[in-house]
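Hi there,

Here is the structure I promised to pass on to you. Have a look at it first, and then read my notes below.

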Amino acid sequence: MAIIKPFRALRPKEEYAKQAACVPYDVVYTSEVREYIDQNPLSFLRVTRAEAEFDDESTVEPEEIFARAKKNLEKFLEDEIFFQDVDPSIYIYQLSTGGHSQTGVVACCLIDEYESGLIKKHEKTRPDKVQDRTQHMLALKAQTGLIFLAFRNTDTLREMIHDAVKEEPLYRFDCDDGVRQTVWKTAEPDQWIDAFQEVPALYIADGHHRAESSSLARSSLRQNDPGQTGREDYNYVIAGMYPAEDLKILAYNRVVKDLNGLSEVEFLSRIESRFAIEDATRKEPDCHGEFLMYMSGKWRKLTIADELIDRTDPIERLDVSMLHKNLLAPILAIGDARTDNRIGFVGGARGTDELERIVEDGTARVAFSLFPTTMDDLFAVSDIGEIMPPKSTWFEPKLKDGLLAHLI
């Protein structure tokens with residue numbers, strides 16, 4: 001069962017909610033953060049990405065950055081832009097855009113369940129990113145963003161969520177990206193705690209680094225708390241938990257800088273040993289095992305040979321795996337996609353026009369448009385305790401930082 005806990009949210013006053021809400025800390029470059037906070041000094045990016053307030057962050061020690069983040073958070077509280085709820089609560093958070101809507105539950109989850117595997121992961125983490133967020137949490141004594149979790153829905157939770165969104169919300173506003181943000185506070189947290197006991201497991205959709213950082217921060221805080229009982233706030237991590245049936249995964253596309261010394265004719269000839277090649281007018285695949293490739297101003301459809309698809313293995317049958325195993329590695333000599341600087345990744349939200357742009361401006365020689373990984377794929381890999389290839393999923397829309405935070 002999934003153990004959840006109400007918490008006293010740190011959140012903006014209603015009149016400041018739209019200004020405070022910001023993109024997740026890890027989806028924007030520092031230059032973009034500077035533009036955001038220059039235009040909007042109430043952005044929560046001043047807390048999650050305080051390095052952007054320094055002229056040259058490369059010359060600034062991490063401790064200075066985290067001290068600035070803490071100062072900015074304290075200033076938001078002092079100026080009454082933000083406040084902390086008096087009573088522990090559970091919240092409902094809905095994102096709606098372009099006919100798509102997803103409604104989830106925001107509460108704290110037990111870090112013990114993450115460490116024991118009841119909160120299941122599917123990605124590896126990078127130590128440098130984990131260290132950064134761990135230090136950030138310890139400096140601020142706060143978890144400033146939500147882990148994005150998925151779960152298999154139940155009839156009970158489906159009905160409870162349906163009823164909860166009929167109430168008057170705390171916040172409702174449209175962001176500049178066209179995504180409507182709506183947040184409610186639930187009246188009876190105990191009912192939600194009981195309902196989640198019917199959920200056998202939670203799955204990390206996005207936020208592996210935040211989850212791992214919360215675990216490490218908890219370990220550090222425990223060492224300095226000889227009287228700890230296990231009920232302290234640092235034993236929990238804030239999460240937005242969404243029914244899998246509501247979620248939309250977009251493709252995570254690939255670009256490669258060069259053709260590994262091959263001419264275009266040689267490259268296409270090598271591909272033909274594993275894929276059927278056809279000229280294409282569309283830019284996105286229709287099904288698993290189909291890839292759209294852009295090179296020299298032209299789209300081509302690649303269909304992998306059926307005998308090369310291992311449908312019994314939940315990792316090998318992923319499109320990202322098939323492309324890597326049958327083209328990127330043997331033909332283009334891409335090794336570890338996490339570290340090879342010849343490969344780049346383009347989140348599906350940026351669209352295939354971005355793939356064309358990257359190739360046309362010479363940043364890459366060839367681009368690949370993939371069929372999206374599905375929630376069933378994610379569950380299958382997570383349930384056997386395995387790890388997906390890097391950049392397998394792109395969830396959209398993304399949860400905002402700055403609307404609900406957790407003091408530890």
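Phe151 and Phe196 are both buried, where buried means under 20% relative accessible area, exposed over 50% and partly exposed in between, using a 1.4 Å probe and protein chains only. The model is predicted, so local features need pLDDT of at least 70 and side-chain atom pairs count only at pLDDT 80 or more, while totals for chains, interfaces and linings use all residues. Residues are numbered from 1 along each chain as its sequence is written, and side-chain values use heavy atoms, leaving out hydrogens and water.

Now for the rings. Rings of Phe, Tyr and Trp (its six-membered ring) pair if their centres lie within 6.5 Å; planes under 30 degrees apart are stacked, over 60 edge-to-face, and the rest tilted. That rule gives 11 aromatic pairs. Phe151 and Phe196 form an edge-to-face pair because their ring centres are 5.3 Å apart and their planes stand at 65°. Phe151 belongs to strand β8 (residues 147–151) and Phe196 to helix α8 (residues 189–196), so this pair links distant parts of the chain, 45 residues apart. Here helices (H or I, at least four residues) and strands (E, at least two) are DSSP runs, numbered from the N terminus. Ring pairs also join Phe44, Phe76 and Phe82 into a cluster.

Next, have a look at Thr373. Is Thr373 buried or exposed? Thr373 is buried, because its relative accessible area is 6%. You will find Thr373 in the loop between β19 (366–369) and α13 (375–383).

Happy exploring!
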